[in-house]
Amino acid sequence: MSALPQERRVITAIPGPKSQELQARRTAVVAAGVGSVLPVFAARADGGIIEDVDGNRLIDFGSGIAVTGVGASAEAVVRRASAQLADFTHTCFMVTPYEGYVAVAEALAELTPGDHAKKSALFNSGAEAVENAVKIARAYTKRQAVVVFDHGYHGRTNLTMALTSKNMPYKHGFGPFAPEIYRMPMAYGYRWPTGPENCGPEAAAQAIDQISKQVGAENVAAIVIEPLLGEGGFIEPAKGFLPALSEFARDNGIVFVADEIQSGFCRTGQWFACEDEGIVPDLITTAKGIAGGLPLAAVTGRAEIMDAAHVGGLGGTYGGNPVACAGALGSIETMKELDLSARARHIETVMKARLGAMQEKYDVIGDVRGRGAMLAIELVKTDSPESVATKEPNPEATAALAKACHQEGLLVLTCGTYGNVLRFLPPMVIGEDLLNEGLDILEQAFARI
Ligand SMILES: *Cc1c(COP(=O)(O)O)cnc(C)c1O
């Protein structure tokens with residue numbers, strides 16, 4: 001196991017004096033637009049712990065935004081990436097190829113849903129993977145329109161900003177955005193007017209009607225959707241929504257793209273979140289959890305679609321970097337060996353029981369949701385009958401809770417269109433004591449605010 005002691009330790013204020021010094025240097029030279037959730041500077045990290053430069057040890061409920069599910073210095077990732085570093089750092093796959101890239105594509109073909117022939121292309125970031133999925137779908141269908149959804153998040157590049165739903169902070173002042181993007185309603189059960197039971201079929205019918213009437217199915221190259229939404233608030237599309245859209249795509253020659261960049265790689269208790277309703281996407285985009293913290297992303301999908309782009313039409317200098325590929329092979333090896341999907345399901349059992357008990361006690365928790373080690377609570381206002389009736393979002397309580405947790409050495413993240421969702425993304429390898437201690441801290445934070 002980890003060389004880093006798996007114990008919380010708070011020995012200075014958070015952030016401590018050394019972090020504050022580094023923060024002052026950072027402020028002088030790092031662009032203000034690049035923010036940080038908690039400006040404690042990391043010194044070491046692994047398992048469920050991040051140790052900072054002041055010697056504090058924080059319990060990690062963020063995994064660097066769903067990246068380090070195997071831990072931040074997993075043995076197999078370090079071993080394989082170090083060996084690759086010593087052999088060569090780069091040749092460029094588009095100049096002289098190497099085995100690691102091929103091995104990652106083989107692993108992706110094996111692990112992603114469906115038993116059809118599959119191919120992959122590798123990139124550096126999630127946004128790049130999503131952009132390339134759109135390029136591939138357009139090349140294959142010879143159509144232009146792309147359908148996305150309310151609350152969706154797909155990245156920060158120009159095309160993916162256009163695909164992303166939320167203005168602040170992702171898009172504000174950064175336009176103009178790419179054309180031919182159409183946004184449809186999301187099956188958000190908690191906020192659906194006629195209730196969560198009716199939400200899936202009703203939202204699907206609305207979306208399909210709007211696509212047909214406003215865009216024309218025959219003009220749509222791709223439907224791009226997160227099977228479990230990340231930044232938008234850990235919304236699980238209500239049951240029936242994804243199957244209806246996937247069937248609509250199949251019937252109309254539309255490429256169905258599952259953006260599994262946050263939800264993939266054991267995070268939700270399965271290799272991929274779309275398996276929950278038996279969805280077999282035409283293309284699937286992955287990044288975050290794929291390589292144990294090294295920058296890598298992929299588009300994987302039906303061979304005939306993936307091969308639609310002409311030779312030289314896809315790629316990039318660093319895409320599928322050999323060190324990142326070695327990291328991915330180490331990360332995938334770890335997920336298989338430790339059965340991290342089962343670990344994620346166990347985390348869900350432990351956490352949902354405790355979060356459910358907190359919801360009974362604290363009315364401010366409107367909803368507890370998510371799957372596996374991708375869980376969240378949505379916070380609402382309770383101070384007037386109207387705010388209760390409208391489930392008025394409570395971003396103030398969300399920020400206060402996150403801050404209270406940070407002070408006690410528990411790293412939690414927020415998300416959601418209304419900034420009122422506290423999300424939990426512990427590494428799947430986190431020990432059970434740390435998991436429970438983190439939940440104790442959260443519970444105490446509720447009592448305090
Ligand atoms: C993070 C994320 C992206 C963008 O990935 P980057 O590596 O940050 O470019 C795209 N889609 C989803 C669902 C994500 O969570």
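At roughly what angle do the axes of helix 7 and helix 8 cross? Before selecting them, note that this is a predicted model, in which local features need pLDDT of at least 70 and side-chain atom pairs count only at pLDDT 80 or more, while totals for chains, interfaces and linings use all residues. Residues are numbered from 1 along each chain as its sequence is written, and side-chain values use heavy atoms, with hydrogens and water left out.

**First stop: helices 7 and 8**

Select residues 196-215 for helix 7 and residues 241-251 for helix 8, whose axes come within 8 Å and cross at roughly 30 degrees. That makes helix 7 roughly parallel to helix 8 (angles under 35 degrees count as roughly parallel, over 145 as roughly antiparallel, 65 to 115 as roughly perpendicular and the rest as oblique). Helices (H or I, at least four residues) and strands (E, at least two) are DSSP runs, numbered from the N terminus, and axes are lines fitted to C-alpha atoms, for helices over the stretch in contact, with angles running from 0 to 180 degrees between N-to-C directions. The residues in contact (heavy atoms within 4.5 Å) include Gly200, Ala203 and Ile211 of helix 7 and Phe241, Leu245 and Phe248 of helix 8. By class, the residues of this contact of helix 7 with helix 8 are nine nonpolar, two polar and no charged; here Ala, Val, Leu, Ile, Met, Phe, Trp, Tyr, Cys and Pro count as nonpolar, Asp, Glu, Lys and Arg as charged, and the others, Gly among them, as polar.

**Second stop: helices 4 and 10**

Next select helix 4 (residues 99-111) and helix 10 (residues 322-337), where the axes come within 8 Å and cross at roughly 35 degrees. The contact involves, among others, Tyr101, Val104 and Glu110 of helix 4, together with Cys325, Ile332 and Lys336 of helix 10. Nine nonpolar, one polar and two charged residues make up the contact of helix 4 with helix 10.

Move on to residues 340-361, which form helix 11, and residues 432-448, which form helix 14; the two pack at an angle of about 20 degrees, with their axes 11 Å apart. That makes helix 11 roughly parallel to helix 14. Among the contact residues are Arg343, His346 and Lys361 of helix 11, and Glu432, Asp440 and Phe446 of helix 14. In the contact of helix 11 with helix 14, nine residues are nonpolar, two polar and six charged.

Most residues other than glycine have a negative phi, and most peptide bonds are trans. Select isoleucine 14 and proline 15, where the peptide bond from the one to the other is cis, with omega near -5 degrees; proline 15 is found in the segment before helix 1 (17-29). Then go to methionine 168 and proline 169, joined by a cis peptide bond with omega near 5 degrees, and notice that proline 169 has its place in the loop between helix 6 (158-163) and strand 6 (181-184). Finally, pick alanine 66, which has a positive phi of about 65 degrees although it is not a glycine, and which lies in helix 2 (residues 63-66).
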